[in-house]
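This briefing covers side-chain contacts and the chain interface, grouped by topic.

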Amino acid sequence: MLKTARGLCAWLLGFAVLLSSNWVLAEQTEQLKFNMTRGVTPVSQDIHGLHMLMFWWCVGIGVVVFGIMFFSMFVHRKSRGVKPANFHESTILELTWTAIPFAILIAMGIPASKSLIELYDTSESQVDVLITGYQWRWKYEILGEDVSFFSNLSTPRDEITGFAEKNPNYLLEVDEPLVLPVDKKVRFIVTANDVIHNWWVPAFGVKRDAIPGYTNESWAVIEEPGVYRGQCAELCGKDHGFMPIVVEAKSEADYRAWLEEKKAAAAALAELTEKTFTFDELYAKGEEVYNRSCAACHQASGEGVPGAFPSLKEGITVGPIEQHIDVVVNGVPGTAMQAFGEQLSEVDIAAVVTYERNAWANNMGDLAQPLDIYNHKQGK
Amino acid sequence: MAHGPAKGITRWLYTTNHKDIGSMYLWFSFAMFFLGGIFALVIRAELFQPGLQIVEPNFFNQMTTMHGLVMVFGAVMPAFVGLANWMIPMHIGAPDMALPRMNNWSFWILPFAFAMLSSTLFMQGGAPNFGWTFYAPLSTTYAPPSVTFFIFAVHIMGASSIMGAINIIATIVNMRAPGMTYMKMPLFVWTWLITAFLLIAVMPVLAGVVTMMLMDIHFGTSFFDAAGGGDPVLFQHVFWFFGHPEVYIMILPAFGIVSAIIPTFARKPLFGYASMVYATAAIAFLSFVVWAHHMFTVGLPIAGELFFMWATMLIAVPTGVKIFNWVATMFRGAMTFETPMLFSIAFVILFTIGGFSGLMLAIAPADFQYHDTYFVVAHFHYVLVPGAIFSITAGVYYWLPKWCGNMYNETMGKMHFWLAFIGLNVTFFPMHFSGLAGMPRRIPDYNMMFADWNMISSVGAFLFGAAQVMFLYNVIATIVSGKKATDEVWENPEGLEWTVASPAPYHTFSTPPELK
């Protein structure tokens, strides 16, 4: 028994040492991460400080309580021939061990309250970003700048299924990262389009529920340029684990350049709306859009998932094209089928409709042009 | 006195005997514990390494959901009701439960509830996949069709729990032996009395929230749909108003069990009986005013955030009182370490560790980093597995000789303990690290930086699972071929249950016992 008690003791101590030595280790090796990141914003650093404060309080209390316990288990054993004492009830002792924890709690609560008040102060922001969660992608809008785009997971399917080697940013990479300026107070306004999501970037100490129909706010002043990665932190359905967040923090000048680039790209895309594409162009583009935006539910084979997501080898994809376009643009209310009119460009929608009508031996032979989609959206 | 149990299957179908019903509850809960465990092992097998290997993400979500539901409503709660059925009448010197026919019914609707819940796994669209907390609108507008079966299963479980609670209150209030005053009742009876009131207070709230879901899904209401004037956050408020007291429903009876076992093996009375009773009542009261600490990131106003943070921290005070009392009971005792004692000591240590992480989670700003990560998973498994499961296991080893008249195999009991203890810590301790490193919960796949911790956790989970198979074997072997136990079983244990023969006769205390 002595051996087991000692083993237990050593084991628990080992864990405590492991946890406390983490910041030394974390700097040296990126593989084994033990502890919360310090992050790069005043709030995240505050939180890290609170976390460590709480941790050491707990270690302290643990050493005292477990120390007495293990001492007792070692010394007060029947096998050592001790006679049990018979004491019980002591008002003074009871009062002491009520009062001391109470005092400790106040010591913990005061700095926590201060941090919380700071964390809630979203006033006087210099950049405002509207973040909208969709099943299973994020939409970013820089308010006042006319820049708006979707950000999708960019990890290839083959890496997930194990047919290709996983890259270091596996599941934490996107096609279009959010770019933000350093040393500016950025306000995040968070909402969602379908179910509840949660926008979390550990390095910023920002975690806010994205709730459909409501907005939440948070803020960050990023103190170091760099790439920061996060994930959705509220179960939001099938691909909850596959909607990462990537934020690139850049200098003010680079941030401005990025804004201009985004605006130019949007203008170029608008011009494309008026162009007439060939069937092959639409089909090829459509396949790409389908795999990015539709295959998660309807599957690459178009067969869907029985009982959850309908097959595209029957129904609207082989019916009148106007209805098909309508479902893609406006979605089907009350189901998981979203309105893609907002999420995809006219070119993308025309391409994906064309693809769906002709892939998997649907062979409808017709196609949609971006202008058709534009007109549909305008109600013509 | 003359008649014993009926013969054959009708004994179990028609029984109104608290011991028979208690046994059925316990076996049912044991079965659900293995079912929920299998779901957990599917999760751990998928998470053994990065990438999708074994299951699809949608099925993974069904597993996390069913694991939670089956463990909470199928394993832990019925096990405590089973122990209550067996022990409360014997603790207070009553011949049976106050409402024996309702007792039969409250058990027998449970298998149907879980058959219904489990059948959803085979339905088109699959089982519920929205987490055991079933947040709207994921569980309403976006739910698979099987959600309706889930709602009715929850209704039946709730009805069973409420009936069980009414029965326990009626028994304790009315059927105590002469001289068994409230402040003489064993702590297990006290903690169950308080738990029963919690159940009656919050199970209707759960019924309410699932009914609101049902209305949203089938009858066009919009309680939880912003587009119709509702609020998804309303769901969380109502759910956690049930959910937080529910957590204490799963731990208060555990306090009672451990408070019976530690004094027996320390050979010393419980240090502060009265303060234990008051601490339990205080915890139960506080459990009603802390629910929104599960919702720190939903965007509560700062005043609410501060209130729920401070109220939650306050719970540490009565919980601390309990821990200190157990330690003081052990102090200067003459301890031996039989299996029930080992599980009880592990309970005190590991529950305290779970309490520490709970205290950290209570700090609202820090919760912005912990929320919905594996740190939370580590926390609630540290309070539930060593808390509820270990205490139930301790209780089974402690009272099994009284139930079946045979002594369990001590060596195997100790082996079970050490395997379970190591398995538990290897599974759940690394989850603190993966959570702090930034791994969200309920994801089927993850970046390689979390790979080491997940692999360790998975190995631990299978070890823990194997330990429970050993437990099952030990229980069966004890019943079938264990050595005969004495009436007292342990050295001078306290309590009326030890004054009757082993195994306890089919009817005990038909004449009330005399209390010294």
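In this predicted model, a network of salt bridges links A:Glu145, A:Lys184, A:Glu252, A:Arg256, A:Glu260 and A:Lys263. Over all chains, the count of salt bridges is 20.

**Salt bridges within chain A**

- One of the bridges joins A:Glu252 to A:Lys184, with the closest N and O atoms 3.0 Å apart. A:Glu252 is in helix H6 (residues 252-272) of chain A, while A:Lys184 is in the loop between strand E4 (178-181) and strand E5 (185-192), so this pair ties together parts that are 68 residues apart in sequence.
- A:Glu252 counts as partly exposed, at 31% relative accessibility. A:Lys184 is also partly exposed, with a relative accessible area of 22%.
- A:Glu346 and A:Lys377 meet through their side chains in a salt bridge of 3.2 Å, N to O. Because A:Glu346 belongs to helix H10 (residues 346-358) and A:Lys377 to helix H11 (residues 370-377), both of chain A, the pair ties together parts that are 31 residues apart in sequence.
- A:Glu346 has a relative accessibility of 15% and therefore counts as buried, whereas A:Lys377, at 32%, counts as partly exposed.
- A:Glu141 forms a salt bridge with A:Lys139, and their closest N and O atoms are 4.0 Å apart. A:Glu141 is partly exposed, with a relative accessible area of 25%; A:Lys139 counts as buried at 9% relative accessibility.

**Interface of chain A and chain B**

- Contact between the two chains involves 105 residues of chain B and 105 residues of chain A.
- About 9,000 Å² is buried between chain B and chain A, and carbon and sulfur atoms give 73% of this area.
- Of the area that chain B buries against chain A, 9% comes from B:Phe271, B:Phe368 and B:Gln369, which is more than any other three residues supply.
- Between chain B and chain A the count is one salt bridge. A:Lys78 and B:Glu491 form a salt bridge in which the closest N and O atoms are 2.6 Å apart.

**Aromatic pairs**

- A:Tyr134 is buried, with a relative accessible area of 4%, and A:Phe150 counts as buried at 12% relative accessibility.
- In chain B, B:Phe417 and B:Trp418 form an edge-to-face pair, 4.9 Å centre to centre, with 75° between the planes.
- B:Phe417 counts as buried at 3% relative accessibility, while B:Trp418 counts as partly exposed at 24%.

**Lysines over tryptophan rings**

- A:Lys185 lies over the face of A:Trp219, at 4.3 Å from the ring centre.
- A:Lys238 lies over the face of A:Trp136, and here the value is 5.5 Å from the ring centre.

**Individual residues**

- B:His416 is found in helix H15 (residues 410-437) of chain B, where it is buried, with a relative accessible area of 1%.
- Leaving out residues up to four places away in sequence, B:His416 touches B:Phe343, B:Thr393, B:Tyr397, B:Ala467, B:Gln468, B:Met470 and B:Phe471.
- A:Asp280 is in helix H7 (residues 279-293) of chain A. A:Asp280 is exposed, with a relative accessible area of 58%.
- A:Asp280 and A:Tyr355 are 75 residues apart along the chain, and their C-alpha atoms are separated by 9.5 Å.
- B:Gly355 has its place in helix H12 (residues 339-362) of chain B and is partly exposed, with a relative accessible area of 35%.
- From B:Gly355 to B:Ala177 the distance is 37 Å, C-alpha to C-alpha, and the two are 178 residues apart in sequence.

Conventions
Residues are numbered from 1 along each chain as its sequence is written. Chains are lettered from A and ligands numbered from 1 in the order in which they are written. This is a predicted model: local features need pLDDT of at least 70, side-chain atom pairs count only at pLDDT 80 or more; totals for chains, interfaces and linings use all residues. Side-chain values use heavy atoms; hydrogens and water are left out. Buried means under 20% relative accessible area, exposed over 50%, partly exposed in between (1.4 Å probe, protein chains only). Rings of Phe, Tyr and Trp (its six-membered ring) pair if their centres lie within 6.5 Å; planes under 30 degrees apart count as stacked, over 60 as edge-to-face and the rest as tilted. A charge sits over a ring if NZ of Lys or CZ of Arg is within 6 Å of the ring centre and within 35 degrees of the ring normal. Contact means heavy atoms within 4.5 Å. Buried area is the accessible area (1.4 Å probe) that two parts lose on being put together, summed over both. Helices (H or I, at least four residues) and strands (E, at least two) are DSSP runs, numbered from the N terminus.
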